[in-house]
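Work through the exercises below with the model open beside you. Try each task before reading its solution.

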Amino acid sequence: MEHHLSWLIIHFGYAGIFLALALGIVGLPIPDEILLTYIGYNVFQGNLHFLLSLLSACAGASTGITLSYFIGNKLGLPFLRKVGPKLHITDKRIERTNRLFQTFGPYLLLVGYFIPGVRHLTAYMAGMSCMKFRRFAPFSYCGAFIWSTTFLLLGFGLGEKWYLIKAYIHRYGLYVFSLLALIVITVLVISKWKQIRQTRDRTD
């Protein structure tokens with residue numbers, strides 16, 4: 001794994017980071033979090049610049065999720081079911097992501113990056129549900145920034161032990177999602193409460 005990631009960075013640099021993450025988000029079997037963590041490790045070693053790495057990662061993730069959105073919007077579920085098996089996207093994953101999207105709506109675009117098997121499908125669901133692009137973009141692009149920054153910093157912080165991230169993802173992935181979901185719900189409740197208070201203040 002390290003050999004392939006090293007080859008990608010040495011031969012293609014920031015362009016390779018952009019392309020790998022764009023294709024990974026669309027659905028190709030690329031270990032996105034491991035790649036981001038390895039990039040952070042290379043920043044730690046001084047082989048890459050942090051800001052350029054972050055910009056390349058964010059641009060790649062944003063490009064991938066935007067492409068997924070338009071595919072979902074234009075081609076819909078039949079296309080996803082037809083092509084999905086070739087990208088390891090099963091009907092079970094599609095149904096699970098659809099349930100999550102129905103529950104969390106656009107907020108799943110924000111936290112879905114942290115859920116393997118779900119981040120590849122949230123944008124498809126957004127497109128198929130005919131969500132307006134102006135509503136889709138802020139959530140998905142903010143999510144790309146948070147996700148990229150998180151794993152780059154993890155790789156930088158872990159340093160020579162960057163490879164431990166794979167075990168951490170399998171061990172704590174569900175807890176991370178639960179925490180992120182709790183944060184999103186809290187923000188929604190606070191936002192709604194402020195709207196109610198503002199409405200009451202205007203009527204008083």
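**Exercise 1. What share of the 204 residues in the protein chain is buried?**

Step 1. Set the cut-offs: buried means under 20% relative accessible area, exposed over 50%, and partly exposed in between (1.4 Å probe, protein chains only).
Step 2. Apply them: buried residues make up 45% of the 204 residues.
Step 3. Know the source: this is a predicted model, where local features need pLDDT of at least 70 and side-chain atom pairs count only at pLDDT 80 or more, while totals for chains, interfaces and linings use all residues. Residues are numbered from 1 along each chain as its sequence is written, and side-chain values use heavy atoms, with hydrogens and water left out.

**Exercise 2. How many helices and strands does the protein chain have?**

Step 1. Define the elements: helices (H or I, at least four residues) and strands (E, at least two) are DSSP runs, numbered from the N terminus.
Step 2. Count: there are eight helices and zero strands.
Step 3. Read along the sequence: the pattern is α-α-α-α-α-α-α-α.
Step 4. Turn to contacts, meaning heavy atoms within 4.5 Å. Of the contacts with a separation of 6 or more, 77% join residues 24 or more positions apart.

**Exercise 3. Describe how α2 packs on α7.**

Step 1. Two packed helices are described by the angle between their axes and the distance between the axes.
Step 2. Take the values: helix α2 (residues 32-45) and α7 pack at about 50 degrees, with axes 6 Å apart.
Step 3. Classify: angles under 35 degrees are roughly parallel, over 145 roughly antiparallel, 65 to 115 roughly perpendicular, and the rest oblique. α2 and α7 are therefore oblique to each other.
Step 4. Right-handed means the near helix is turned clockwise from the far one by less than a right angle, left-handed anticlockwise.
Step 5. Inspect the contact: residues of α2 including Leu 36, Ile 39 and Phe 44 meet residues of α7, among them Trp 147, Phe 151 and Phe 156.
Step 6. Sort by class: the contact has ten nonpolar, four polar and two charged residues. Here Ala, Val, Leu, Ile, Met, Phe, Trp, Tyr, Cys and Pro count as nonpolar, Asp, Glu, Lys and Arg as charged, and the others, Gly among them, as polar.

**Exercise 4. Which residues does Val 43 touch, not counting residues up to four places away in sequence?**

Step 1. Val 43 counts as buried because its relative accessibility is 11%.
Step 2. List the partners: Val 43 touches Leu 48, His 49, Phe 50, Ser 53 and Phe 156.
Step 3. Check one distance: Val 43 and Ser 53 are ten residues apart in sequence and 8.1 Å apart in space, C-alpha to C-alpha.
Step 4. Look at Asn 42, also in helix α2. Asn 42 is buried, because its relative accessible area is 6%. With the sequence neighbours up to four places away left out, Asn 42 touches Ile 9, Asn 47 and Leu 48.

**Exercise 5. Now do α3 and α7.**

Step 1. The axes come within 9 Å and cross at roughly 140 degrees.
Step 2. α3 and α7 are therefore oblique to each other.
Step 3. α3 passes α7 in a right-handed crossing.
Step 4. Residues of α3 including Ala 57, Ala 61 and Ile 65 meet residues of α7, among them Tyr 141, Ala 144 and Leu 152.
Step 5. By class, this contact has 16 nonpolar, six polar and no charged residues.

**Exercise 6. How many aromatic pairs does the structure hold?**

Step 1. Rings of Phe, Tyr and Trp (its six-membered ring) pair if their centres lie within 6.5 Å; planes under 30 degrees apart count as stacked, over 60 as edge-to-face and the rest as tilted.
Step 2. The structure holds 13 such pairs.
Step 3. Take one: Tyr 69 and Phe 136 are stacked, at 4.4 Å centre to centre and 25 degrees between the planes.
Step 4. This pair links distant parts of the chain, with Tyr 69 in helix α3 (residues 50-83) and Phe 136 in helix α7 (residues 133-158), 67 residues apart.
Step 5. Both Tyr 69 and Phe 136 are buried.

Notes. Axes are lines fitted to C-alpha atoms, for helices over the stretch in contact, and angles run from 0 to 180 degrees between N-to-C directions.
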